[in-house]
Amino acid sequence: MSTPIRRVGVVGAGVMGAGIAAHLANASVDVVLLDIVPPNLSDAEKKDPRARNRFAEGGLDKATKSKPASFFHKSRAALVRTGNLDDDFALLAGCDLVIEAVVERLDVKRALFERLEKTLGPDAVIASNTSGLRIKDMLEGRSASFKQRFLVMHFFNPVRYMKLLELVAGPETSTQVRARVEHFGRETLGKGIVWAKDTPNFVGNRIGTHAMLWGIQQMLADGLAPEDLDAITGEPMAHPKSASFRTADLVGLDTVVHVADNCHQALTQDPEREVFQLPEYIREMVKAGLLGNKSKAGFYKKTGDDVQTFDPYEKAYRSRGGNKEIRAKCKEIAGEEDARARVKKLYDDQGPAGAFAWKLTRRALLYAAKMIGEITDDVTAIDDAMRWGYAWELGPFETWDAIGFLAALDRMEKDGLTIPECVKKMKATGATAFYRGDQVFDLGKGAYVARQSDPKAAPIALLRKGEKPVLSTSSAEAWDVGDGVLSITYRSKANSLDPDVIAMLHQAADRAERDFRALIIANEGEHFSVGANLFGVVVAAQQQQWAELEKMVNALQQGVQRLKYAKVPVVAAPFGMAVGGGLEVCLAADAVQAAAETYAGLVEVGVGLIPAGGGCLNLTWRALEGIPEGADVIVQSLIAQVFKNIATANVATSALMAQELGYFRKTDGISFDKARLAGDAKARAIGLAEAGYHPPAPRSYVLPGESGIATISMLVDTMVAGGFATEYDGVIARKLARILCGGPSGSAGPVPEQRILDLERETFLSLCGEQRTLDRMQHMLMHNRPLRN
């Protein structure tokens, strides 16, 4: 094992430095965050520690308030200690790693490194977050020992959300330091590691900036509109919806200019250097303060309800426009869920969208091939960098394979493009794709080699044994994933809970008890589950099929309870959205292994309903389960908090926040890297089974009853009277209070679980009979929002 990194110093509390510090704290790492003493302090301020620490404290404060949030939960900010470089530099002496994120000036960095060398211990690692300065230049004058412990750690912004961490070793960086930092980045921070060479902008920004700028240049050459470029370079190209210009607005136009200029100035030998020559109108926008989202105006600007576009030809904002044929075709192609099939459709298109897309992509693919050996030696490194750092669904070489390696190459040759020698040699070997099973074509060696991958990053599909599932319905499957573990996977739209998924909960629990030692719920797609499908509920309510509707709700309740009391351990593995019925399933599990980016909550009130799949019961029981027997605890306050979370549809914006809100237990696991989630959930289930698992016994609790209902109702009345809730919100809230308090007789004695389930079901059915609830549900369906119960 490499020496663990427990305490990290971050120098520079700007956007990147504070973001790095926040994510380190997310990972429970102790952080020292330092910045300079603000200039021009008054004499009084010079003696005030808070004034002297203003830059560092200000950076931390901004990180705690940032949107999207930098911290998983605001409590993690307590792990960050702030200070300044004059008074608190000695705090860095106890750090295992120091990351500098100061201004991109050689003199500033060299001066800092000189001080660090005199302060840090002999085993401390020093890293720079630079993206443009060379290691050799930064380390001028440093000792051999310092150089052995130095490397670049290039994070992507926002640090919490972007998986990519580019590591760049210097010629003297030791193998031990390389291994130590790679282990820390992957295992502690959950990052995807790409080793880059010491070239300007490394891998992700080199390829990404080239693609963005070439797209803009070609758009201008062809006379297309910005809307046309974004329509094509978004989802149809298996890139994010933000596409080109919206991505630039997110990043900031000033940042785009800095990166482009850095490339153009430094890449004097780059065959594509002219691509990095920024169009002049973008420089003029930056000079005018049109920087994107940070200035509320960039390539796009929102004026009231109207989103306007900066016209590069007229140099002014105008209403949205563009080529209708291109937009229609791109919208059609974007409807294809499979990224490879989507890309193939785009490049097979014979219209203007397909023609323009090919102009962009043919050059981008060839450029990526030319960069092998210069920015990295590995095809997968480039693909990983673009998926993890730019949120592309497919990297350049994966895209080439999706189009068809030979077909695309033949088209390039017919277009008269210069093909890199390494690609010609690849074709000569008879290779038909860059990726072949667990192998990848090495353009440097001219042969297929084993693909290096994280052994823990196995999607649930790779864990499955056999050629067919153990159990199957139209909307769900249960697979043997080895080691005595059965895994449920939903197949419904957005992994919603429909009757066939609910039936699988029963069937899988039965089968797991008979033939397996543990059960996990591990879904695929963008979200774990958006809850129950509303369509069936709306149809049954409109037709007043109350018996059928009650049967549907009861089936969900009993399916959830079946998991809760299964004779084998049940582990849920949520990610993305786990709302409504999706969270209700998690509440029934013995344990949760959640992706760090999990958004969980009981959101049913948004459509005029209440949680009726055991959500009210199990969230309440979760709040009460830690009370020691005989303790004189005021249950009302705990019930009130459960009420607030359900009545306000409070959604946790991270797995850690879900723990703090009581949706997950504090003992539940969090996987920082979603790619490892399925394997982590399986390991957790095996651990429970091997530790001598015994299922829980049903519990009953004395609840607040009538007095609790009255207390919560007074709060609801105040909210309605103050205009903070509608009259109908008040109706729903009072019904919810009745459930959580166990009905009017809830305080008379311990309330059994079935009583709460009955109250859930009765209330759900009564609300389905309300026209105002039907209107809310139909509105959600009409606007194609996520279907939640």
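Predicted model: local features only at pLDDT ≥ 70, side-chain atom pairs only at ≥ 80, totals over all residues.
## Salt bridges in the model

The count of salt bridges in this structure comes to 58.

## Glu187 and Arg676

The side chains of Glu187 and Arg676 form a salt bridge, with an N to O distance of 2.8 Å. This pair links distant parts of the chain, its two residues being 489 residues apart. Glu187 lies in helix α8, which covers residues 175-188. Arg676 is found in the loop between β23 (669-671) and α29 (677-690).

The two partners can also be described by their accessibility. Glu187 has a relative accessibility of 33% and counts as partly exposed. Arg676 is at 8% relative accessibility, and because buried means under 20%, Arg676 counts as buried. Glu187 and Arg676 also belong to a network of salt bridges in which Asp454 and Lys456 take part.

## Asp377 and Lys197

A salt bridge joins the side chains of Asp377 and Lys197, at 2.9 Å from N to O.

Asp377 is partly exposed, at 48% relative accessibility. Lys197 is partly exposed as well, with a relative accessible area of 30%.

## Glu660 and Lys666

The side chains of Glu660 and Lys666 meet in a salt bridge with an N to O distance of 3.9 Å. Glu660 has a relative accessibility of 38% and is partly exposed. For Lys666 the value is 56%, and because exposed means over 50%, Lys666 counts as exposed.

## A sheet of three strands

Strands β12, β13 and β14 form an open sheet in that order, with antiparallel pairing. The edges are β12 (435-436) and β14 (447-450). Each edge strand has a single partner strand, so one side of each is left without a neighbour in the sheet.

Strand β13 consists of residues 439-442 and pairs with β14 in the antiparallel sense over four bridges. Within this part of the sheet, Asp442 stands opposite Ala447 in β14.

Note on methods:
Residues numbered from 1 in each chain as written. Heavy atoms only, no water. Salt bridge = Lys/Arg side-chain N within 4 Å of Asp/Glu carboxyl O. Buried < 20%, exposed > 50% of the residue type's maximum accessible area, 1.4 Å probe, protein only. Pairing = 2+ DSSP bridges.
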